[in-house]
Amino acid sequence: MRLRVLPFHYDQNDIEQVYALAKENWSSAQIRMGMGEYIRVDKIMARDWQTYDGIYSIALDDAPDHECVSLPEGPYVFACHKGDWNELPSFYERILSFVKANRLTLGTNAYEFGLNEFAIASMDEYVTCIFIPILHEKNHD
């Protein structure tokens, strides 16, 4: 999968800035592809999940290569959380426990996307999915 990325350091309270930046840099068609955010894995490992590193969208065919990354083929950690964004740090702790127990080495970024922004009555119903490339699994010997 090819993602169009827009580096931008922000926290979850800056959502209006995120949409303004996307509108400045991307076409309406690109924005309609949906947007998610990414955060570096080294920050997650350091329990520094306050500031995201940018936003992404599935790249349109005409997206410039220098603004895109191609996700590697292979296995991923994939997990979905139902509930408020404020609960994501504890959810990341569970992901890190899984990664440690299974002796996985993760890729550079964790990617988040919401499933139901327009179809929920409260943030307790919000679903956030997280996917992180696995670089390799270590032997369990």
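Buried means under 20% relative accessible area, exposed over 50%, and partly exposed in between. The legends below apply these terms to a predicted model.

**Figure 1. The disulfide between Cys80 and Cys129.**
Cys129 has a relative accessible area of 1%, so this residue is buried. Cys80 belongs to strand β5 (residues 76-82) and Cys129 to strand β8 (residues 127-137), so the bond ties together parts that are 49 residues apart in sequence. The torsion about the S-S bond is about 95°, and the disulfide is therefore right-handed. Another cysteine, Cys68, counts as buried with a relative accessibility of 15%.

**Figure 2. The protein chain as a whole.**
The protein chain contains four helices and eight strands. Read from the N terminus, the order of the elements is β-α-α-β-α-β-β-β-α-β-β-β. The chain has 141 residues, of which 41% count as buried. Of the contacts between residues at least 6 apart in sequence, 70% join residues at least 24 apart.

**Figure 3. The stacked pair Trp49 and Tyr92.**
A pair of aromatic rings is described by the distance of the centres and the angle of the planes. The structure has nine aromatic pairs. In the pair of Trp49 and Tyr92, the ring centres are 6.1 Å apart and the planes are at 10°, so the pair is stacked. Trp49 sits in the loop between α3 (41-45) and β3 (52-58), and Tyr92 in helix α4 (residues 88-101); the pair links distant parts of the chain, 43 residues apart. Trp49 and Tyr92 are both buried.

Phe78 lies in strand β5 and Phe113 in strand β7 (residues 109-114), and the pair links distant parts of the chain, 35 residues apart. Phe113 is partly exposed, with a relative accessibility of 23%. Both phenylalanines belong to a cluster linked by ring pairs, together with Tyr38, Tyr56, Tyr76, Tyr111 and Phe131.

**Figure 4. Salt bridges around Arg40.**
Side chains of opposite charge can pair when their charged atoms come close. The structure holds six salt bridges. Arg40 forms one with Asp42, with an N to O distance of 3.0 Å. The side chain of Arg40 also meets that of Asp53 in a salt bridge, at 3.3 Å from N to O. This second pair links distant parts of the chain, with Arg40 in strand β2 and Asp53 in strand β3, 13 residues apart. Asp53 counts as buried, at 4% relative accessibility, whereas Arg40 is partly exposed at 32% and Asp42 is partly exposed at 48%.

**Figure 5. Arg47 and its salt bridge to Glu93.**
The side chains of Glu93 and Arg47 meet in a salt bridge, 3.0 Å from N to O. Glu93 lies in helix α4 and Arg47 in the loop between α3 and β3, so the pair ties together parts that are 46 residues apart in sequence. Both partners are partly exposed: the relative accessibility is 29% for Glu93 and 40% for Arg47. The phi of Arg47 is near 60°, a positive value in a residue other than glycine.

**Figure 6. Arg103 in the loop between α4 and β6.**
Arg103 is not a glycine, yet its phi is positive, at about 50°. The loop that holds Arg103 runs between α4 and β6 (104-106). Arg103 is partly exposed, with a relative accessible area of 35%.

**Figure 7. A nonpolar surface patch.**
Met1, Met33 and Ile58 make a nonpolar surface patch of about 280 Å². One of these residues, Met33, is found in the loop between α2 (28-32) and β2 (36-40). Met33 is partly exposed, with a relative accessible area of 37%.

Key. Residues numbered from 1 in each chain as written. Predicted model: local features only at pLDDT ≥ 70, side-chain atom pairs only at ≥ 80, totals over all residues. Heavy atoms only, no water. Disulfide = S-S within 2.5 Å. Helix = DSSP H or I, 4+ residues; strand = E, 2+ residues; numbered from the N terminus. Buried < 20%, exposed > 50% of the residue type's maximum accessible area, 1.4 Å probe, protein only. Patch = residues over 30% accessible without salt bridge, like charges linked within 9 Å, V, L, I, M, F, W, Y side chains within 5 Å. Areas by Shrake-Rupley, 256 points an atom, 1.4 Å probe, with all protein chains shown as cover. Salt bridge = Lys/Arg side-chain N within 4 Å of Asp/Glu carboxyl O. Phe/Tyr/Trp six-rings, centres within 6.5 Å; stacked < 30°, edge-to-face > 60°. Contact = heavy atoms within 4.5 Å.
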